[in-house]
Amino acid sequence: MPRRLYSCTPSRLNTWLDCRRRYRFTYLDRPQPSKGPAWAHNSVGASVHNALAGWWREPYDRRTPLTASILLTNGWITEGFRDAEQSARWLGRARDLVSGYVATLDPSDDPVGVERTVATRTKVIALSGRIDRLDRRGDELVVVDYKTGRRPLTQDDARSSLALAVYAVAASTMMRTPCRTVELHHLPTGEIVEWRHTEESLARHLTRAEEVAMEASEADDRYRAAMGERPGPRRPAGERQTVGPAEVPADVDKLFAPSPGPICSWCDFRRHCPEGLAAGPERQPWDGLAE
């Protein structure tokens, strides 16, 4: 029998590469183990992404910096901040980010897609994901990804990104238009980091995605064989309770061994992982902000 295609997103593949225990907690254990509190820096990022997507959906004459600022304010996510004062201060910073960024854009240059889902298949994987923005530049498409983190970006970030590469492949396949260029738009600095792939480099990324998918798929099958396909118990409606990881056989737990390191301090499932607790200090939900 032919093997079933492994359905995945770049996020799922990268989670497998980063930490197999986090992969299990995220995609396999049901009910999913309880996560820690929301992160303020994620709230900022999601608010900015939503505002920029909404800006392109506005009529042409409303695509102004003021509109971007209003969209950001109306959609502001307040989770993870230390208090209302910190949230308000970051709301002001985020307003400046989006209004300053859209001031550099041509409002008449409509993208091919905004928050556009793309997909592609090989003999191994059925891969899909959502692109922040897909532009047309001449006879080609360009994948645009917004970044709001405090770390400055390098060309290597664009070159090595598995997600951006497979998005380019998927966009090219769906639109039947060449797509080789990927861009990271870093809003805090206004910098645009670009990488132009070759057909060979895109093929290498796709092959890498297949290799990771085969590893993860085999582990998924072992997990399901040991645990069965039964859905986990449902939580009563409206009830908030701490849910721990599923009890798994030792050989299955070994398949999903953790990868302890500094990133463990930022893991949503840190409370369930002794190795992660020992790997780094506890972080406050607002520690990811560039204060």
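Q: Where does His 186 lie?
A: His 186 is in strand β5, residues 179-186. Strands are DSSP runs of E with at least two residues, numbered from the N terminus. The model is predicted, so local features need pLDDT of at least 70, side-chain atom pairs count only at pLDDT 80 or more, and totals for chains, interfaces and linings use all residues. Residues are numbered from 1 along each chain as its sequence is written, and side-chain values use heavy atoms, leaving out hydrogens and water.
Q: Is His 186 buried or exposed?
A: Buried, because its relative accessibility is 2%. The cut-offs are under 20% for buried and over 50% for exposed, with partly exposed in between (1.4 Å probe, protein chains only).
Q: What does the side chain of His 186 reach?
A: The backbone oxygen of Gly 149, at 2.6 Å.
Q: New topic. At what angle do helix α1 and helix α7 pack?
A: About 150°, with the axes 9 Å apart. Helix α1 covers residues 10-18 and helix α7 residues 162-175. Helices are DSSP runs of H or I with at least four residues. Axes are lines fitted to C-alpha atoms over the stretch in contact, and angles run from 0 to 180 degrees between N-to-C directions.
Q: What does that make them?
A: Roughly antiparallel, α1 to α7, since that word covers angles over 145 degrees.
Q: Which residues meet there?
A: Pro 10, Leu 13 and Asn 14 of α1 meet Leu 162, Ala 163, Val 166 and Tyr 167 of α7. Contact means heavy atoms within 4.5 Å.

Notes: Polar contact = N/O pair within 3.5 Å; in protein donor to acceptor, adjacent residues only side chain to side chain. Parallel < 35°, antiparallel > 145°, perpendicular 65-115°, else oblique.
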